[in-house]
Amino acid sequence: MKKLVTPVLAPSLLLLPTLAHADFLADSKANLELRNFYYNKDFRQPEASQSKAEEWAQGFLLRYESGYTAGKVGVGVDAIGLLGLKLDSGPDRSGSGLLPYSARTGRAADEYSDLGVTAKLRASKSTLKVGTLLPKLPVVQYNDSRLLPQTFQGGLLELNEFDGLALQAGQLRQVKQRNSTNEEDLTITRGSKKNITLGRHSTSDRFNLAGGTYRWSDSLSTSYHYANLQNLYRQHILGLVHQWTLAQDQSLKSDLRWAHASDDGGSNVDNRSLSAMFTYKLGNQAFALGYQRMSGDTGYAYISGTDPYLVNYVQIGDFANKDERSWQARYDYNFASFGLPGLSLMTRYLQGDHVDLLTRDGRGTEWERDTDIGYVVQSGPLKNVGLKLRNSTMRSSFGNDLDETRLILSYSLPLW
């Protein structure tokens, strides 16, 4: 386990016992999540050196959040403990993203663990957090799609002093990917047909961000966020979300997003993206249509390993290649009306075209089909036990054809 507590945080943590009082302790909470994960990806390429990735692992996520000490400036501490255990793997089927593995030998680690600590301050309605962060903002969203979540080191200030206005500003310095305990500098997601190239700077240890969301009413909000991955790219993101109640048990949600990214001296990033999702909800059903379009010299720019803020980023693909245009049709159903609360279904289909193939004439196409079936036990001794089956098919005229299945058994236990 590497660098459990950073030198910057250690003095703050030593002071906490002398500052602790009833609110610090009484407002604290802890939760243990157990996550059993089976992953199977068939590469469907006859000439591939590895025909599939198939692994099974058990994860433990212990989260602790303290309250705050008394006074105008309250002090607190959060912590997250992570442990992953290998249940099944092999040199010919490793690399699923569940476990750390050696590219040289192909063997996955038997276990890996990490501890993240965050010091926090609260004044009025605003907070400052320094240490381990799991950001979920338009410019950076941590990835939690495997056994253990991706985490960052940095600082984040959240200001909530004005009614309806939430502001954020911060800096991220390093990242630990979802299947690693090593701190790394940050870089850009590349590959596929994004046409993103880097100069003498391939990584950066400065990701500066700022922005906010203003809620005009209970049904309408707008947002603006800015980010700079130093020496690599700058990005501006605008968003609008509107919820329109049509009748009892009927609503229409509009989610519009626009982004512009340019280079910061060490890359060729030049992208403009427009994405929109419209969701009509009728009782226990939801019907959605999405559209996404890329323009500029490159595809969409985002930090490697994170979830991009795009409506057509789904289980396998992000549909964010150079010049790509894509649409999505989605259907959700909640089986509560059939007397089966906790059972849900999601299915969607995405089609992308007009991809610039970069090396030859013509345009590329791709499509993806996803289906999720989930059930969460609602009562009894197994209450909160969840089971989710996720299946996906990806076909591409310029990339790998993929078939993927994930089976996730989870349980969340409040400790106090």
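Predicted model: local features only at pLDDT ≥ 70, side-chain atom pairs only at ≥ 80, totals over all residues.
**Pairing around strand 16**

Strand 15, which covers residues 285–295, and strand 16, which covers residues 325–334, pair in the antiparallel sense over 9 bridges. Strand 16 is also joined to strand 17 (residues 343–356), again running antiparallel, by 10 bridges, and here Asn334 has Ser344 of strand 17 as its bridge partner. In a regular strand the side chains alternate between the two faces of the sheet. Arg330 and Asp332 meet through their side chains in a salt bridge with an N to O distance of 2.7 Å; Arg330 is partly exposed, with a relative accessible area of 28%, and Asp332 likewise counts as partly exposed, at 21% relative accessibility.

**The chain as a whole**

The chain contains 2 helices and 20 strands. Its radius of gyration is 22 Å, close to the 22 Å that the globule rule gives for 416 residues, so the chain is as compact as a globular protein of that length. Taken along the principal axes, the box filled by the C-alpha atoms is roughly 70 × 60 × 50 Å. Of the 416 residues, 45% count as buried, and the accessible surface comes to about 20,100 Å², with 55% of that area belonging to carbon and sulfur atoms. Among the contacts in the chain with a separation of 6 or more, 59% are accounted for by residues 24 or more positions apart.

**Salt bridges**

Side chains of opposite charge can pair when their charged atoms come close. With a side-chain nitrogen of Lys or Arg required to lie within 4 Å of a carboxyl oxygen of Asp or Glu, the count comes to 25 salt bridges. The table lists some of these pairs.

| Salt bridge | Closest N and O atoms |
|---|---|
| Arg35 and Asp144 | 2.9 Å |
| Asp318 and Lys194 | 2.9 Å |

Arg35 forms its salt bridge with Asp144. Arg35 lies in strand 1 (residues 29–42) and Asp144 in the loop between strand 7 (140–141) and strand 8, so this pair ties together parts that are 109 residues apart in sequence. Arg35 counts as buried because its relative accessibility is 6%, whereas Asp144, with a relative accessible area of 27%, is partly exposed. Both residues belong to a network of salt bridges that links Glu33, Arg35, Arg63 and Asp144.

Asp318 and Lys194 form another salt bridge, and this pair links distant parts of the chain, with Asp318 in the loop between strand 15 and strand 16 and Lys194 in the loop between strand 9 (165–176) and strand 10 (207–217), 124 residues apart. Both Asp318 and Lys194 are buried.

**Surface features**

A nonpolar patch on the surface is formed by Val73, Leu121, Leu128, Val130, Leu157 and Leu159, which together have about 400 Å² of accessible area. Strand 5 (126–133) and strand 8 (151–162) each supply at least two residues of this patch. Val130, found in strand 5, is partly exposed, with a relative accessible area of 32%.

Ala26 has its place in helix 2, which covers residues 22–26, and is exposed because its relative accessible area is 61%, a value over 50%. The C-alpha atoms of Ala26 and Ser326 are separated by 50 Å, with the two residues lying 300 residues apart along the chain.

How values were computed: Residues numbered from 1 in each chain as written. Heavy atoms only, no water. Helix = DSSP H or I, 4+ residues; strand = E, 2+ residues; numbered from the N terminus. Buried < 20%, exposed > 50% of the residue type's maximum accessible area, 1.4 Å probe, protein only. Patch = residues over 30% accessible without salt bridge, like charges linked within 9 Å, V, L, I, M, F, W, Y side chains within 5 Å. Areas by Shrake-Rupley, 256 points an atom, 1.4 Å probe, with all protein chains shown as cover. Pairing = 2+ DSSP bridges. Rg over C-alpha atoms; globule rule 2.2 N^0.38 Å. Contact = heavy atoms within 4.5 Å.
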